[in-house]
Amino acid sequence: MARKLRGHDPIINDSWPPWPFHVPLQTCGLDAQGNPNVIVPVIIMIKEQSRQSTLPPIFTIGHSTRSIAEFLILLQQVAVDLVIDVRSIPRSRTNPQFPEVVLQHIAKQISRGERPPQIASIRSLYRHRGRTLFDHQQAAAGILGFRKLTEGAERNLLGYLRKETWDALEDEELSFRIRKWLYELKYFSLGERPLRSLLYRARRMREDDLTAAIARAVPADTRETWLARLLAGPPASPLQTGLDWLREGPKSRKASAVMEQIARVEFLKELGAEQLELGISLAALTHYARPLQYRKPSKLHQVRNEILEIEIACFLRLQLLRHSDTAADLIDRRIADLWRQAKDRVEERQDDELRRYRRLVTMLQGLAADGRLRAEEFRERVRELLVPFGFDGPPNKVTAIRMELANDHIHLRTLLSAAQRIDVVPENDHALQGALQVIDKVHGKRSGTLRPAETNPFGVSWEGLLAQADRVAAFNSYVAATAMLLKRSLKNGSAAIDHSLFHKRPSDRMIPKTEWDEESRRHIKALGVDESSVIELSKITALLEARLFDLSEAVAEGHVTIRDTSVIIPKPKTEEVDPKIVFARRTVFGRGLAGQLPDVIIEIDARTRFSWILLGRCPRSESELINLYCALVALGTDLSAADLVRMVPQAAADSITQMMVRLEAKDAMDAANQQVLEFMRGYNVTRLWGPGVAASADMMSLDARRQLWSARTEPRRKGYAVGTYAHVMDQWGIIYNQPIILNKRQAGAAIEGALKQRIMDIDRVAVDTHGFTHFGMAFANILGFDLCPRLADLKDRKLYVPRRFKVPDTLISVASPTVRMADMHEGWDDLLRLASSVKSGRCSATFALDRFGSAARGETIFKAGDAFGKILRTIYLCDYLGNEAFRMAILKLLNQGESVHFMERAIHNGDLGPKRGRTDDQLAAISGALSLIANILMTWNTLHIEEARAAEPTVLTDDIISKVAPIAHGHFNLRGMFNFDLGAHRSTLLEPIRNVISPRAKPDS
């Protein structure tokens, strides 16, 4: 039986005719560009086997974007004897690592004989045989059942594209879908020119639909004022254009920043952004808004009017959504700041009172020790000392903080008014709705007092403050209680903003109920779970029973100890450092190996061309490429553009700054990271580090200035910081990164990264305690992978099991039979609906866990996820406690992530600066650039580890080299004078591309 090579089916024929013969090759699926692999017959002539009646199998393979090493590995895996290059032009501009001479070299390496086989091409085989080529093409088409595209089929294809074009916004993805449609319906693939024409027509259909939607939403007279008002100075900031003002983020967290955000939202509403409900996805909205977000105002008049109107409309809508979210977050943050300030004042007063009481005790002790005082005189002196001390204060600290917060009622009323101005709307009959109406009524009467008959919608905790005799103070307390209710409502989604991304009503971010009722089976099938909670629970309870039995066996064998209500596992033994591993590390990194950061970047770029992805095209000049490298370093390190000008003689500050803005705009960091990682994974050594099915996820903080509105206090470093959350695969390398707010649960970010990364198929993600919740564990399991946490206070963790579930006797003391299976049955359908909404991209995992996690406590969907997650956590704990190998694998994954963060800390060892990180795009670019530089360094290390392994295979064995990680960074020079000398890589990096259908080849606007 013939073997299979990376999804390409070989030709199988047990009775081959003697040579010479004609073999029509079968079509073997689609290649990376969506073309059938082979659709023409090839005459194969193998002289060495010409007298045999049978021949070995024939494989087809495309080099795609693989490295030479990876291509050679694939050939060697199936013992290929002969390589025939059937390209009509035996070279590639887009993949220059595969010229004809390289394939000849590969042929020498895999050849079993002394003389390498000759490499031919289709063109040489069919030269002067034009009719033969035509006949063979017709024969292949007949055998395969392919036919030409008819006019009716073309109309059907355009109808298909009208729907697909909203999901596939880039030409590359859309052209792949076109070729796939043609292939599945057995139509010939289109040539380059017809394909370009079809892509153009699809874009025009999309733009025409969008233009019509804009015209229906906003009157013409309003649209005509868009450009003029964007180029003029807005009233809130007359010294800059409205376009630049809308592009900016908040400059601080102060009340003035809140008011400026409100002004931006109201300015956008004046331009009609609130009516621009275009019915398109966020990805489509971002796609059309992004060019305007970073284009210079002087270039706007060069854009076609129809395109400019679409870009402005999408820009206005996107900025309204973003600024509304930012305004709501600032209001939430400002309320939290006022509460913290009130708490600080209360604690300061309490400290003063404590010092006074201590002095009082000291004086009382002195009086008691004075034997000359008579009893009456002693009592009189005590009464004098106790006069300044009153005992009519608040009953507890929380009440004292609420009273102090009420003193800030002016600031709180301003924030409540700001929330109403950005259209924060509570749910029907929600307590917040009535509270705001009461405040508006009192404010309208200018009385400032709360009527005694006014009801208390806030609960018993505010009862005493609202019922006090001073009705002015009671009203101030009412305002404070309303502000705290607003903060809580924004968090749990009971108050929403229609023109928002994150603060929309949760139901609006999920699959609509009508659609779910009609297509739930299709969505559930994509999840890979059972739609019946009974069947799914029967599977999970059977697994739970088996894992509990395994753990009880581990207890019986002494591997795990149960003492009272605690589970105790042996501490991991400290492994002695193997001298062979130390020697191996010195062999790889210690023998004069040194890397200047510019040289490392250039070398890896020459092998992967990640710069072409970042630019979206081939660099036009050496200076542009150097400015790109400098911008990448400025974003990914603590160096500024001014610092790099002093370090790089070829660079200019303005050019670096413009390139940084361009990198923020293009959103290509993920694609560049993927390109570098795919190259890195082409080396054999990566398979020694791990199987490539698991990852760890953890956050690293980046120091920031306190003025940055998204900065929070970092508990360990005691300073302001923002976070970057990275997923590190078991083969090393950062497969996904995202900015994150500090001091928040990270389970949503852990799930989000595992879903969005495109490098590997993840089975499990190891996380710390902050990346774990019961609801998150259940959610990840439904989405197809497992969250594996390193839990704090492990010995005190309980094994949650369903009520009346049979537990082995040895585990009864640590079992907690509190899980209600009825909760899971009642909320199972809603839980699957939410998971399908995340899977289909309607909402993010972060949003889902923030809105339906602990903030939705008491709702059926939360109770279902919490119950399911508790059972999953018990199953995981049984494995973690009873299986030492599994436990060590999880700890190894987490240690890998922390080691990568240690390297990132060496790259970025300072703060972000006063003007960086104000917007989400800037934070994403900083996080992406840092990950890209770290991946470049790890790839360079991997390259040299592979070279050292090949040079000394007897010393650097697989067992030894598997413990040599590519995270060493002491041999890199990350500071000093930089010289970006392209040298021998100049032609590779600056060679132009022609005739490439790709979104990265389109000209800049």
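These are my notebook entries on what I looked up in this predicted model.

**Ground rules**

I number residues from 1 along each chain as its sequence is written, and side-chain values use heavy atoms, with hydrogens and water left out. Because this is a predicted model, local features need pLDDT of at least 70 and side-chain atom pairs count only at pLDDT 80 or more, while totals for chains, interfaces and linings use all residues.

**Entry 1: the whole protein**

I started with the secondary structure, which comes to 39 helices and 14 strands. Both are DSSP runs numbered from the N terminus: helices are H or I with at least four residues, strands are E with at least two. Next I looked up burial, and 49% of the 1005 residues count as buried. Buried means under 20% relative accessible area, exposed means over 50%, and partly exposed is in between (1.4 Å probe, protein chains only). The accessible surface comes to about 48,900 Å², and 51% of that belongs to carbon and sulfur atoms. These areas come from the Shrake-Rupley method with a 1.4 Å probe, and for residues only the protein chains shown count as cover.

I also checked contacts, meaning heavy atoms within 4.5 Å. Among those with a separation of 6 or more, 74% join residues 24 or more positions apart.

**Entry 2: the cores**

In soluble globular proteins, nonpolar side chains tend to be buried together. I looked for nonpolar cores here: sets of buried Ala, Val, Leu, Ile, Met, Phe, Trp, Tyr and Cys residues joined through side-chain atoms within 4.5 Å. Which residues touch the most other members of the largest core? Of its 175 residues, they are Phe610 and Phe779. Helix H37 (residues 920-951) gives the most to this core, with 15 residues. A second, separate core has 83 residues, including Val265 and Val438.

I then followed Phe610. Leaving out residues up to four places away in sequence, I found that Phe610 touches Leu632, Leu932 and Ile936, among others. Leu632 sits in helix H26 (residues 622-636) and is buried, at 1% relative accessible area.

**Entry 3: aromatic rings**

I counted 16 aromatic pairs. Rings of Phe, Tyr and Trp (its six-membered ring) pair if their centres lie within 6.5 Å; planes under 30 degrees apart count as stacked, over 60 as edge-to-face and the rest as tilted. Phe146 and Tyr183 form a tilted pair, 6.0 Å centre to centre with 40° between the planes. Phe146 lies in the loop between helix H4 (130-144) and helix H5 (151-164) and Tyr183 in helix H6 (residues 171-184), so the pair ties together parts 37 residues apart in sequence. Phe146 is buried at 10% relative accessibility, whereas Tyr183 is partly exposed at 24%. Together with Phe188, these two residues form one aromatic cluster.

**Entry 4: charges over rings**

A charge sits over a ring if NZ of Lys or CZ of Arg is within 6 Å of the ring centre and within 35 degrees of the ring normal. I found Arg402 over the face of Trp462, at 5.1 Å from the ring centre, and Arg509 over the face of Phe847, at 4.2 Å.
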